[in-house]
Structures are given as structure tokens and as C-alpha cells.
Amino acid sequence: MSEIAKLEALEILDSRGNPTLAVTATLANGVKATAKVPSGASTGKREAVELRDGDKARFGGKGVLKAKSHVEGEIHNVVRGFDANDQRALDKKLCELDGTSNKARLGANAILGVSLAVARASAKDRGLPFYASLGNEGANLIPAPWFNVLNGGSHADSNVDFQEFMISPVGAPRYSEGLRAAAETFHALKAVLHKKGYSTGVGDEGGFAPQLKSNEEPIELILEAIQKAGYKPGKDLVIVLDPATSEFFEDGTYVFEKSDKSRKSPAQMVDFWKILLDRYPEIWALEDGVAEDDRAGWQQLTRTLGDRIQLIGDDNFVTNPNLFRQGIKDGIANAILIKLNQIGTLTETLECIEIARANGYGAVISHRSGETDDTSIADLAVAAGMGQIKTGSTSRGERIAKYNRFLEIERELGTKARYAGTAIYDRWQTSVKA
């Protein structure tokens, strides 16, 4: 009675007002569950392909009716009757059915919607929370989140080149206290910005997006806000950066077009980060510190800074097991960002997480800039047990939905709940922790 009986899809809107898919899987016993697919703004070139209609008369060409028809037609016809509890077999069949290396024919949005909806239906069918269904009885580690509090780059219309400036409440004794510390710091940051005459409008992920004087000023503002909220930078809350350098890497050079118009070679970019980390030891993690195509730069960055800070690869790995394995062989990064829709199935996503675990790499579950109120990644983060997630600021409902889901999980787990805190960073020794 756990066979897939029906697949339905609906064209809905994401948090940026663009179309995306919601897929509902119904099992033969009547159990049904829905998954909603996110969408990214700054995307790696190697990501699985999000199928869009291209009809300029609808949503500027961004409609997803073709992907919807694939779910309800070709995919439904093939997977009907499949055991919903055999996720690996289902995802393998979806990949075979698509027949491309990047899911371009059926669309990663269609395939992921089906993969996730069936996984959620399976959990419901077995009477398990989604995190317990994906993980096991030992799935009880609630991650220390990264809260995107200041936006720049492609996420905001500002003169800051770097895309995300985040805080993580690693010093909290439990998740709910960490969430409170982050929320209080976010409100303190708003007051700091207001006092300085800066805009307090927010970007795609809920962080503030003011016009600032330099790429370093957001760090200073965040440090001031942490202290204003009554916390200690580098102890209670730390800083995480995602500059999204692929966005300003041109012909082998990093061009700081939005700020001071300077240009840096890959070696100079690595030196820039070393100087910045010396100046701000409160920075504990750096995502995409060099561009996806800058292999030599990645190797130099990892050799230079890999023993003192978490270096996360996103655009270069794109949650792809094959690319990730090659990157590990090449000595690139020491952690990976995990985005479900970069690869398109739950099985491949979990495989990437296991590769990270087996090779001593960190793994950070991540949202996208175009989100929905779907909370699957919160459960995935607990199931994975890797202790980190980034899913936006403490504003905007589609971001808060994930954080509130962790509160529910913390309550469900009771005394079994553990909070990742600083433990995730023990392998990277920084002076601020000494």
C-alpha cells in the first residue's frame, strides 16, 4: 500500500515572485505529501538545469508549465506503482528517465519536486518526522545556523561586491537560545544602521542591503551590532562570509566593480582573505572565497588558509558527487555547501553529505534566494547531522519557516536534542578560540 499512486504539480510563486513547482505525491493507501522547489539567483554553471518555459508572454519566460506537464505526464506514468519507501530506486529511475547529465530534459525542478514529495509521503506513511525518516534514531543534532544579516552582490542593489555577510550563534547552549541571540542581533543591527542614516530595507534573503562605503564596512557594522545586543563577537556569535566571487571573476581577474573598481589576481585574492582574517578573527567560515573556475586559486586558498578556517565550496561543487570527489582529490576546500536543487534528487544530495563525512569535510545545508515555506531543508540538516545550515535572516516568512521548524524539532526531541554550537569548528583552529 506504499506504492506511488498519483503525482500532481502546481505552478506556484517563490519568495521573489517567480514561478516554481509544488509537487504532491499520493500513495495507494491515500497518504499524500507536498514538496515545494526553491530557485537560486547566483547559480553555478555546473548546476542541474531548472526547466523554464521560455514563453515571454507568461512571467517573462520563467513559467514552469513544461516542468509541471513532465511531472503529471511522463514521470507519473513511469514511477506509478513504485515503492515510496525505496528512495534510491526512485531517484535512479528519475535520472535514467531524464537521460541527461544535468537533468535538462525533464528539469531539475520537476525531478526534485517528485523526489522530495515522495520522500515526505514515505515519512508520513511510516509515521515518522521527516528528519527521522531521512536519518535514523540518532538524528538529534540541531545545526548552528548562518543568518544572512547584510546583503550585497547580486542579492542587493548596493555598492558592496560581496554577496552575504552572516552571523552564527555558536556560543549558545541550545538552538532556541541561539535563535534568540541572532534575532536580537538582527534588531540591534537595524538600530545601528538607522543611527548611521543607512537604509534598513532588506534583500532577497531578509538581510539589510544599505549603500555602504566598502566591502569591509558590513563586518564592522555586524561587530557593533553583536556588542549592542549584549553578546561577545567571536565567542557568542561569529561571522561567516559568502562573497560569491564567481559573480565578479572576469577573464582570470577579480573585478571589484561595485565598490572601489580594483582588480586582483587569484594570488592577490588569497592574500586579501588572509589579511582580512588577520584583521577580523571573528570570521570563522568563508564560502566561495575564489571563483568556481579558478582551480589554482582554490588550491592556493586551501593551502594557505585551510588549517585555520572553514572554506566552503558551492559554485565549484554544486552538490554534485562526481565534481565533489574530484575537488577533494585536487585539494580544494574543506567543506561543501549542500543545495538540493543544484543536483535534483534527494539520493544524490545525501551521497554528497556522506562523501563529506567520509573525507573529513564539513557540510552546510543551504536554502536558495528564491524560497518557499517548505521546511524540508531543516529536517535534512538534522538528518545529516553535520551541524550547519544557512537559510537567510531572521526576517521574511519563507526563511523564518525553517527556523521555526527547528524549534518544533527541538521540542520533539526533548532531552535528546543536541546543539552543534562551536563543536563543528574544532578542526579549524583560530586565534579567537584560543
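M166 stands opposite V240 of strand β7, and that pair makes a handy way into this predicted model. The two strands concerned, β6 (residues 164-168) and β7, pair in the antiparallel sense over five bridges; strands count as paired if DSSP finds at least two bridges between them. Helices (H or I, at least four residues) and strands (E, at least two) are DSSP runs, numbered from the N terminus.

Some ground rules first: residues are numbered from 1 along each chain as its sequence is written, and side-chain values use heavy atoms, with hydrogens and water left out. Because the model is predicted, local features need pLDDT of at least 70 and side-chain atom pairs count only at pLDDT 80 or more, while totals for chains, interfaces and linings use all residues.

As for confidence, pLDDT is the predictor's own score for each residue, from 0 to 100. The chain averages 94, and 97% of the residues score at least 70. Over residues 430-434, though, the pLDDT is below 50, and this stretch has ten contacts in the model beyond near neighbours in sequence; a contact means heavy atoms within 4.5 Å. Where pLDDT is low, the predicted coordinates should not be read in detail.

Back to β6 and β7: both belong to a closed barrel of eight strands, running β5-β6-β7-β11-β12-β13-β14-β15 with mixed pairing. From one strand to the next, the twist averages 30°. Angles run from 0 to 180 degrees between N-to-C directions, and axes are lines fitted to C-alpha atoms, for helices over the stretch in contact. Helix α5 (residues 175-195) packs on the sheet, where it touches β5 (144-151) and β6, and its direction makes about 10° with that of β5. Helix α11 packs there too, touching β13 (335-338) and β14 (362-366), with its direction at about 165° to that of β13.

Helix α11 (residues 346-358) also meets helix α2 (residues 87-98): their axes come within 8 Å and cross at roughly 110°. The two are therefore roughly perpendicular to each other, a label that covers 65 to 115 degrees. On the α2 side the contact is made by Q87, R88, D91 and C95, and on the α11 side by L346, T347 and E348.

The structure holds 34 salt bridges, each being a side-chain nitrogen of Lys or Arg within 4 Å of a carboxyl oxygen of Asp or Glu. One of them joins K390 and D242, whose closest N and O atoms are 3.3 Å apart. This pair links distant parts of the chain, 148 residues apart, with K390 in strand β15 (residues 388-390) and D242 in strand β7 (residues 238-242).

Elsewhere, an open sheet of three strands has the order β8-β9-β10, with antiparallel pairing.

How values were computed:
Angles under 35 degrees count as roughly parallel, over 145 as roughly antiparallel, 65 to 115 as roughly perpendicular and the rest as oblique.
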